[in-house]
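Work through the exercises below with the sequence and the 3D structure open. Try each task before reading its solution.

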Amino acid sequence: MSAEIKKNENTEVKKKSKGKIIFILLLAMVLTAGAVFGFSFYRQSENYLVTDNARITTNLVTIMPTVTGILENYTIYEGKYVSENEILGWVENMETFRSPFYGLVVRSYASQNQVVMPMEAIAVLADINNLHIQANIEETHIARVQRGQNVFVTIDALGNRQFRGYVSEIGRVTDAEISGMAMFFNTGGNFTKVTQLIPVKINITDDVNLSNLIGLNASVRIALNAPVRDITTVVTNERSTQRRSIYTTSGLTIESINVQVGDRVSEGQILCAFDDMDITHEVNITRAQLRMAEIDLSAAEHNHQIVSGLFNARAVARDDLRQAEFQLQIAQAARQQAQAMFNAADAALERSLVRSPVNGIVTAVFAREGKIGMGLLFVIEKTDSIRE
């Protein structure tokens, strides 16, 4: 009986020992996982500044009349792109509304022949050239942020797709200070300290159309310790007050791209070219036709000069002179037609080339070789408006 009791006791001891071993192993696994997680979190916090307090934004301008009257020639609508200084409409020829920039009509509150009143909004325009991500960074972390740092952005509406960008501007004043809400007091009159948020502007360099996403939420991850991009180094030292965006609606395939982000370009410099094989062939044909027409015209002019001399010397009849004049007129008309055809083909070829409208620095390239050219292709910071 004592042997059986001793056996049971040994079995119980073994079970307890096994349980302790399992407990120790589980505890070790938990501690290891916690250490890994803690180290990962530490590395993440040391190398990146992450926030979900971000959204897509731009400058919005509300168009409002200052007089009462009937709104005439009002043809804009939500979703329409308007060019800088384009006429949006007028009030009975008394007041004309123009777009202050190249933009997108995001709201239209009026219609043709509607009676409008002073300070009544008729439309809201979004500045397409200034689309960006605004991240609001806590004041306790803002010292770690600097212009030119690389940023990884995800936009809630676009799922998990990650876009690359860079910090282009850091705000000098909080939104709360501007709105007059920076100070907070309780009923006892004591000051309540509230962590302030600094707006940080982030430009996206990847190919994504933000014009239809204005106001939507985003998340940003700012690389704190990684080297800054070459372009952000340039932009950090030179701040532009005017930006030019180059768009196209050609629908042609982009054959070649001649610039990259960070390049300095001069006005008229070719940025990219569309597939122009057929157009080039047409230019070559019309150029040859123009050359032949010029040769024929030169011959007709020479012949007319000789016949005119002979007529003045009374060596030929007036009919011969008239015939020479008729041939000259035909040659002149043929040359004009050939010139017009060549000009048309050359203009078509020129439209297949995208040139820089200003002297500046290429800050974004959305064009892709082999892709259809449609929409925004390049963004250029004007050199003559750059200030230190």
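**Exercise 1.** State the volume of the second largest pocket and describe its lining.

Solution. The second largest pocket has a volume of about 660 Å³. A pocket here is an open set of points on a 1 Å grid over the protein atoms alone, where a 1.4 Å probe fits, with protein on both sides within 12 Å along at least five of seven lines. The volume is the space filled by probe spheres set on the points. Next, take the lining, meaning residues with an atom within 4 Å of a point: 37 residues line this pocket, and V208, N209, Y247, F366 and L376 lie nearest its centre. Two or more lining residues come from each of β13, β16 (243-248), β21 (360-365) and β22 (375-382); strands are DSSP runs of E, at least two residues long, numbered from the N terminus.

The model is predicted: local features need pLDDT of at least 70, and side-chain atom pairs count only at pLDDT 80 or more, while totals for chains, interfaces and linings use all residues. Residues are numbered from 1 along each chain as its sequence is written, and side-chain values use heavy atoms, without hydrogens and water.

**Exercise 2.** Find how β13 pairs with β10.

Solution. Strand β10 covers residues 132-138 and strand β13 covers residues 197-204. They pair in the antiparallel sense over six bridges; pairing requires at least two bridges found by DSSP.

**Exercise 3.** Is T140 buried or exposed?

Solution. T140 lies in the loop between β10 and β11 (150-155). Its relative accessible area is 58%, so T140 is exposed (over 50%; buried is under 20%, partly exposed in between, with a 1.4 Å probe and protein chains only).

How values were computed. Helix = DSSP H or I, 4+ residues; strand = E, 2+ residues; numbered from the N terminus.
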